[in-house]
Amino acid sequence: MKDLLRKIVKAGRVAEAAPDRPEAASSERARALAGSVQVRHVDAGSCNGCEVEIASAFGPVYDAERYGVRQVASPRHADALMVTGPVTRNMEMALRRTYEAVPEPKFVMAVGDCARNCGVFAEAYGVVGAVGEVVPVDVEVRGCPPEPEAIVAALRGLTGR
């Protein structure tokens, strides 16, 4: 046990240094968050490609939590919504109610091309439209699916860290 402890002390911290701070997405409103953002993820009808990348963004490699971002289970505890996929007919009312449940100041991130402009699902019979057509969007993350670095950079823009 002592040998292991010595190795840990000798090796020190082995994580990469954080990249430079990004420009704040909505600097005036984001300052109210005081560098900490609680995020509620909403799947409005995606193919789950974005969910895999979000899981990577919060995993041990990209570790979005070190920048003050934490996922929560309830919209009442959230500061921001992270929405993926085009909004389907079955999810339109659920997304509106979830948005209304988030206390002020609130932010909405449209993650992925489907959330931004319906992507490959544009004009599909079960799709109402992009996230911005249902609730106001503050931050958009491009990509199909977006890279975890892009998701973390957008989240860092909200926290300012």
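In the predicted model, M82 stands opposite M109 of strand β5, a contact that belongs to the pairing of strand β3 (residues 80–84) with β5, which runs in the parallel sense over five bridges. M109 also has a bridge partner in β7, namely V139, and the pairing of β5 with strand β7 (residues 139–141) is likewise parallel, extending over three bridges.

Strand β5, which spans residues 107–111, is mostly covered, with five of its five residues buried. In a regular strand, side chains alternate between the two faces of the sheet. For β5, F107, M109 and V111 lie on one side, V108 and A110 lie on the other, and both faces are covered, since each of these residues is buried.

The cysteines were examined separately. A search of the whole structure finds zero disulfides. C47 takes part in no disulfide, and the nearest cysteine sulfur, belonging to C114, lies 6.0 Å away, whereas a disulfide requires the two sulfur atoms to be within 2.5 Å. C144 is also in no disulfide, its nearest cysteine sulfur being that of C114 at 5.2 Å. With regard to solvent accessibility, C47 has a relative accessibility of 57% and therefore counts as exposed, the cut-off for this class being over 50%. C144, with a relative accessible area of 57%, is exposed as well.

Methods:
Residues are numbered from 1 along each chain as its sequence is written. This is a predicted model: local features need pLDDT of at least 70, side-chain atom pairs count only at pLDDT 80 or more; totals for chains, interfaces and linings use all residues. Side-chain values use heavy atoms; hydrogens and water are left out. Buried means under 20% relative accessible area, exposed over 50%, partly exposed in between (1.4 Å probe, protein chains only). Helices (H or I, at least four residues) and strands (E, at least two) are DSSP runs, numbered from the N terminus. Two strands pair if DSSP finds at least two bridges between them.
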